[in-house]
Amino acid sequence: MIPFNKPYVTGHELTYIAQAHANGHLAGNGQFSKACCAWLENRIGSQKALLTHSCTAALEMAAILSGVGSGDEVIMPSYTFVSTANAFVLRGATPVFVDIRPDTLNLDETKIEAAITPRTRAIVPVHYAGVGCEMDRIMEIAGRHDLLVIEDAAQGLIADYRGRPLGSIGHMATLSFHETKNIISGEGGALLINDPRFVERAEIIWEKGTNRGQFFRGQVDKYTWVDIGSSYLPGEIVAAFLWAQLEQADAITARHLDLWGTYHDAFADLEDAGKVRRPIVPPECRHNGHLYGLLLPNMASRTALIDRLKARDIQAVFHYVPLHSSPYGRSIGRTVGEMTHTVEASERLVLLPMWLGLEDHMDMVIAEVLAAIGSDGP
C-alpha cells in the first residue's frame, strides 16, 4: 500500500528526546520548547510564539484572547477542519460561513463584508494547502470594521503572501505540527501573537491562568491564579522531536515542493484536455507544497478514481465535509450567500499521496492516475 501520508523523521529526533531526558526536564517550557518558540518568532516575525499540544489548542487560546462570547459572530470558511469553528463555539460565539474562491479554495475575500453584522468580532482566514489567502484585502476590511483577524495557518509554515510569512499578518495565527503536516511532532501546534496587546495575557492563559512566567522572570515575587487558562503546553519530548524537524524545515519544504512540481508537470496534459483542474497558486503567493489535489468533473468521477487507485494499493482521499452542511454546523452556525464553490470542492477534490520518501513511488502513482482518467475519464 502506498499511503496518503507517512510521517517523516530527520534522524535527530531520538537524539534530542534522549537529551531532554538527560536534562531532567520533561514537562513543558524547557530547553527545546524555548528553542522552538524562538525559531518561530525569528522566522515568522511574531511578537510571541507559544508551543501548544495541538493547533486545536492554539485556536482555543486565540478564541479566548479574542474575547468572543455568547451572541458574537466569527466569519470563516466552511471548507476547513472542525477545530476552526469549534474553538469559537466553545466560547459561545456563532460561526458565520461564507464561500471559498474557486481558484485557491481559500476564504473568498469578496464575500466577507456581506457577512458582517454588529455582532461580528473576528475573521478567520484558512490558508488552504499552504497557499495564502488575500490577506491585504482581508486586513483592510477588518480595519474598517474594527475586527480581529486570526489566521488559521495550520498548513502554512514556510509559505509567504507578498513576501510576508503566513502567520505574521493577522493579529494572531495558529500552526499545526500534526503528523500529516510538512513539519511534525506527532501532535502539536503553536499560537503566534502579532499584536502586542495580547502577548501578556496569552502567556497567562498558556500557563493555566497563572502568572508563572512573570514569576520566573522575577517580575512578581510569587505566582498565582490571575485569569482563565488551561494546560496548553506540550511536553519536552514533543518539543525535542519538533526541534529536529525545525532544524531542517527548509530542506523538508524543498522536497515537498519537488514532489508537488512533479505531480503538477505530469498532469498538465489532463488539464489541457479538460479532464481535471490542477491546483492554482496566485503569483503573489509562495506555497510550501503541503497538499496536491485534483478537481475532477464531479463526485462520481472522483469516487471512481479513488476506488481504482485503492484497488492498486494507492491511497487517495477526499478532504473536508463542509461545516455548514454538517449536523452540528447546521444547528449552531449561520451561512451567508451561496456556497457553490465550497460544495463543489467537497464533491470533486481528490488529494494524492504526499510524503517524503514518495519519490520512489511517484512514477507508479502518476501512471495509475493517468490510466484511471485516460481518454474517457475515470
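Student: How do you know that the span of helix 2 (residues 31-44) agrees with its 14 residues?

Tutor: Take the expected span, which is 1.5 Å times one less than the number of residues. For the 14 residues of helix 2 that should be 20 Å, and the end C-alpha atoms are 20 Å apart, so the two agree. Helices here are DSSP runs of H or I with at least four residues, strands are runs of E with at least two, and both are numbered from the N terminus.

One caution: this is a predicted model, where local features need pLDDT of at least 70, side-chain atom pairs count only at pLDDT 80 or more, and totals for chains, interfaces and linings use all residues. Residues are numbered from 1 along each chain as its sequence is written, and side-chain values use heavy atoms, leaving out hydrogens and water.

Student: What makes the buried residues of helix 2 line one face?

Tutor: Buried means under 20% relative accessible area, with exposed over 50% and partly exposed in between (1.4 Å probe, protein chains only). In helix 2, Phe-32, Ser-33, Cys-36, Cys-37, Trp-39, Leu-40 and Ile-44 are buried. Looking down the axis of helix 2, these buried residues fall within an arc of 155°, so they line one face. That arc is taken from the directions from the helix axis to the C-beta atoms.

Student: Why is strand 9 called largely enclosed?

Tutor: Count it up: five of the five residues of strand 9 are buried, so the rest of the structure largely encloses it. Gly-189, Leu-191 and Ile-193 point one way, Ala-190 and Leu-192 the other, and all are buried.

Student: How do you know that strand 1 and strand 9 pair?

Tutor: Two strands pair if DSSP finds at least two bridges between them. Strand 1 and strand 9 have five, in the antiparallel sense, so they pass that test. One example is Thr-52, whose bridge partner in strand 9 is Gly-189. Strand 8 (residues 172-176) also pairs with strand 9 over five bridges, again antiparallel.

Student: What makes strand 1 (48-52) an edge strand?

Tutor: Eight strands form an open sheet in the order 1-9-8-5-4-2-3-12, with mixed pairing. Strand 1 and strand 12 (334-335) each pair on one side only, and that makes them the edge strands.
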